[in-house]
Amino acid sequence: MRNKLKKELGLFDVFAISTGAMFSSGFFLLPGIASHYTGASVFLAYILAGVLILPSMFSIAEISTALPRSGGAYFFLDRSLGPLMGTIGGLGTYFALMLKTAFAIIGIGAYAALFWEVPTKIVAIVATLLFMILNLVGAKKTSAFQKVFVTFLLVILITFIVDGIYSICCGGTITKQGLDAQLTPFLSGGLSGLFTSAGFVFVSYLGLTQIVSVAEEIKNPERNIPLGMILSLVVTGLIYGLGVFIMVAIIEPEAFANELAPAAVAASQMFKWLPENAGVLLMSIAALAAFASTGNAGLLSASRYPFAMGRDKLLPAIMARIGGKGTPVMAIFFTTAFIILFILVLSEEGIVKLASTFQLLIFIFINFSVIVFRKSKIASYDPGYLSPLYPYMQVIGIVISFILIIYLGWMPILFTAGIVLLGVLWYHFHARGKVKREGAIFHWFALLGKYQYDELENELMTILKEKGLRQGDPFDETVIKSKISMFKTPADLDRVLNKVSDYLSVELGKRKEAIKKRFLHALNDDAVISLPGVLIFHATYDDVLHPSMQIIVSKQELDGEIPFKSRAVKAPIHICCFLINSDEKPKQQLRMLTRLIDILERPDVVDALLAMDSHREIKEYLLQNENFVSVKLLEGTTQSAMIGRQLMEVSLPKDVLVALIERNNKTFTPNGSTVLQENDILTILGDSKSISKLFKGYMGAEIENMQDI
């Protein structure tokens, strides 16, 4: 059964899902209610909440670039603190997300009732079913719908802010004295009231972290997750701060404190350049778009929690079932049913505080998880983004969350305690006997060493392989410069190790005997990777300036036994690969190693390599990407203009490089003074667009010479 999700989401998708999940109740409903705690300074509470979420955002960005998996907080907590904490975090965050989503979808029904005489909850249920259909057809289509919502919403909100600032400063809507009166009292509840208000509106920023629940479906997560989250926070924080300030400045304080649609009321006194009531209509439409985007993104994010927990056996396995469109069908159905249930039986009161309190508790755990992962020293924990000011940032995040929880009061705390108890009971009676793993915390504390779960490191290695190379990793360059040796007569492992040690002793400036002994010890320690027909040796040394690779291809299987200590070799062995790197770059070594493994574990790899007699062909096979093209220089063809010229004289498209030349069955790396000859075979590397342009140029009969490419 397939249980992997498609990687379809780019940077704008990340921004749209995160931003769209924030602009609903936070802007269109909560400002007036939040002002009860702090008065006119409520707009500062929004800005303060945005600042206070920064430590948790940095921690989430780090873990999600290391572990881009569906399930968000659940997956992080499970792999760091163990499955019990994963169960608590997963169930709690799942319910908090569904409550917030249900609340947003009810908003659709409430605003629709302003225009049509329709039952609020019936409209909400219909909207939920529509979002379910969108989610079933794929995250990319869901996100496309989301991008339309968010773009439309941002245009209206920016227009609201520009018009509001103009109305306050230049439009004569309010005088300076009037503005002073509107802002009095400014801190009606003192600093305590400001922090209480910040905790109350904290839920407005929770969409910022929803994106990690779909991290598995994000392309280039190491760039797009942190960048998308930061862009979303900056844009949302500015709009919240400026937009709520405009509401405070325009609406009478007593009316504002009791107003459930403050943006629409403020708009009624603005937009003088539009027909009467057009501003109110515009903001109402914006509110509908906001609630719709939050409902859509909320269902998308929430459904990934039961999917991830089902995949890990903490929930029934049916939750991990993937449909024909690459989406978690049963998890989406299950989540939709819960949201509809909440719409039917729950009131809106208290939902915001309940969701905020549990999310703050999750933030405490996540900040602690970063410390656990860093202290565990697991080599394959390789985040593409590192939280700044570690560990102080994480400690600050933990303290901030504790303080805000206290300010939110006892009722939300008791609710959170109830969810924690539910998670403990569910784990004890359902999942405990089915789950055989522990978190990274057991890799940190030496006293708990006997409980270490070795498969965690294997899982992180699998994730590392799926993420692929990081920009700047010199894998292609290492392949191009690699040493290829082909044995056509019978050979054994001793001959292979002698050959490689001879080469590396010169390359590394170390004794041949020491290098050979290192590889033999690796076999005895089971540190050599065994694939069908392939052995991969890997090591790090000091004073290594750049990675080095050597590949042995034996046309006949290696003679003798391979001395693995505790497992059988996957014979017969024909291919031996050796990857060496600096001991100062262990993470890069792991990424390059997982890339090599990914290539060499493909079907028929041994037969393919044995059929090759050219070093160039072997290296091109190991490149395994679309960023190279092979060209043979023949008279009478488009590329014949290159024959007889120095490589430096040939004009190539931008960002391409002639990496290899095969001449008379010998392969070498050229330099600028290399004179190209007829029948040379060139391996040319570059970005995909330049390679495509180069390929079309060579194949196009209308092009007379390389200067035209």
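Predicted model: local features only at pLDDT ≥ 70, side-chain atom pairs only at ≥ 80, totals over all residues.

Modeller: Residues are numbered from 1 along each chain as its sequence is written, and side-chain values use heavy atoms, with hydrogens and water left out.

Biologist: How many helices and strands does the secondary structure of the chain come to?

Modeller: Helices (H or I, at least four residues) and strands (E, at least two) are taken as DSSP runs, numbered from the N terminus. On that basis the chain comes to 29 helices and nine strands.

Biologist: What percentage of the residues of the chain count as buried?

Modeller: Buried means under 20% relative accessible area, exposed over 50%, and partly exposed in between, with a 1.4 Å probe and protein chains only. The chain has 709 residues, and the share that counts as buried is 57%.

Biologist: Is Ser-232 buried or exposed?

Modeller: Ser-232 has its place in helix H13 (residues 221-250). Leaving aside neighbours within four places in sequence, Ser-232 is in contact (heavy atoms within 4.5 Å) with Phe-15, Ser-18, Thr-19, Met-22 and Leu-208. Its relative accessible area is 0%, so Ser-232 is buried.

Biologist: How many residues of helix H1 are buried?

Modeller: Helix H1 spans residues 11-20 and is mostly covered. Phe-15, Ser-18 and Thr-19 are among its buried residues. Of the 10 residues of H1, the number buried is eight.

Biologist: Why do H8 and H17 count as roughly antiparallel?

Modeller: Axes are lines fitted to C-alpha atoms, for helices over the stretch in contact, and angles run from 0 to 180 degrees between N-to-C directions. Helix H8 (residues 120-136) and helix H17 (residues 329-345) have axes 10 Å apart. Angles under 35 degrees count as roughly parallel, over 145 as roughly antiparallel, 65 to 115 as roughly perpendicular and the rest as oblique. H8 and H17 are therefore roughly antiparallel, as they pack at an angle of about 170 degrees.

Biologist: In what order do the five strands of the open sheet with mixed pairing stand?

Modeller: Two strands pair if DSSP finds at least two bridges between them. The edge strands, each pairing on one side only, are E1 (483-487) and E2 (529-531). E1 pairs with E4 (residues 548-554) in the parallel sense over five bridges, and Lys-483 stands opposite Gln-550 in E4. The order is E1-E4-E5-E3-E2.

Biologist: At about what angle to E4 does helix H24 run?

Modeller: Helix H24 (residues 493-508) lies across E1, E3 (534-541), E4 and E5 (575-582). Helix H28 (residues 615-623) also lies across E1 and E4, running at about 120 degrees to E1. For H24, the angle to E4 is about 155 degrees.

Biologist: Which strands stand at the edges of the open sheet of four strands?

Modeller: The order of this sheet is E6-E9-E7-E8, with antiparallel pairing. Each edge strand has a single partner strand, so one side of each is left without a neighbour in the sheet; these strands are E6 (628-632) and E8.

Biologist: Why is strand E7 largely enclosed by the rest of the structure?

Modeller: E7 (residues 656-663) is joined to E9 (residues 681-686) by six bridges, and Leu-657 stands opposite Leu-685 in E9. E7 also pairs with E8 (residues 666-668) over three bridges in the antiparallel sense. The strand is largely enclosed because, of its eight residues, the number buried is seven.
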